[in-house]
Amino acid sequence: ALKKKFPAQPFLIVRYGDHQPEFSPQLLDPELDEAGIGKKLMDYDPRYYATYYAIDAVNFEPVKSPAVMDTIDAAYLPLVIQEAAGIPLDPSFEEQKAIMLRCNGAFYSCKDGAEARRFNRLLIDAGIIKGL
């Protein structure tokens, strides 16, 4: 429909699931009670946080990039979109890309959270994140 209605316009289409359905824990670990599920969540079991994302395009070829991985933490989605669109990255996204490549798509769990804390501290010190 987009290609027909806008034959000369390029579109980058991103689909993603921002969370799993509430019943996912019962499918993942049906033997666990609420406390067991809570422990899995607190221990950051990636199966409890994984969802999907997909990139497609109309009248446009997404840019190939090592940052466009099969599996990423959601914190990287804005970076992946910019990379696929071919948008130049500002220094904060360049740093986030370096972390992403170093940590193979993990953010919060990389080095027990040290990379996420360091990156967030950089953003706070630069004045990009305020009010914390």
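Two residues are taken to be in contact when heavy atoms lie within 4.5 Å. Among contacts in the protein chain between residues at least 6 apart in sequence, 55% join residues at least 24 apart. The structure is a predicted model, in which local features need pLDDT of at least 70 and side-chain atom pairs count only at pLDDT 80 or more, while totals for chains, interfaces and linings use all residues. Residues are numbered from 1 along each chain as its sequence is written, and side-chain values use heavy atoms, with hydrogens and water left out.

The confidence of the predictor in each residue is given as pLDDT, on a scale from 0 to 100. The mean pLDDT of the protein chain is 91, and 100% of the residues reach 70 or more. Helices (H or I, at least four residues) and strands (E, at least two) are DSSP runs, numbered from the N terminus. On this basis the protein chain holds six helices and two strands, arranged along the sequence as α-β-α-α-β-α-α-α. Of these elements, helix H5 (residues 91-102) has the highest mean pLDDT, 96, and helix H2 (residues 24-28) the lowest, 89.

The C-alpha trace spans about 55 × 40 × 30 Å along its principal axes. The radius of gyration of the protein chain is 18 Å, whereas a compact globule of 132 residues would have a value near 14 Å. This radius is taken over C-alpha atoms, and the globule rule is 2.2 Å times the number of residues to the power 0.38. The accessible area, from the Shrake-Rupley method with a 1.4 Å probe and with only the protein chains shown counted as cover for residues, is about 9,100 Å² for the protein chain. Carbon and sulfur atoms supply 59% of that area. Residues are classed as buried under 20% relative accessible area, exposed over 50% and partly exposed in between (1.4 Å probe, protein chains only). Buried residues make up 31% of the 132 residues.

Helix H4 (residues 77-85) contributes Leu 77, Leu 79, Val 80, Gln 82, Glu 83 and Ala 84 to the buried set. The cover over these buried residues includes strand E1 (11-16), strand E2 (53-58) and H5. After H4 comes Gly 86, with a positive phi near 80 degrees.

Strand E2 contains Asp 56, which counts as partly exposed at 41% relative accessibility. Leaving aside residues up to four places away in sequence, Asp 56 touches Phe 11, Leu 12 and Ile 13. The C-alpha atoms of Asp 56 and Phe 11 are 8.4 Å apart, although the two residues are 45 residues apart in sequence. A contrasting case is Pro 66, in the loop between E2 and H4. Pro 66 is exposed, at 53% relative accessibility.

Positive phi values also occur in residues other than glycine. Tyr 44, in the loop between helix H3 (34-42) and E2, has phi near 55 degrees and is partly exposed at 26% relative accessibility. Asp 112, in the loop between H5 and helix H6 (114-125), has a positive phi of about 55 degrees and is exposed, with a relative accessible area of 72%.
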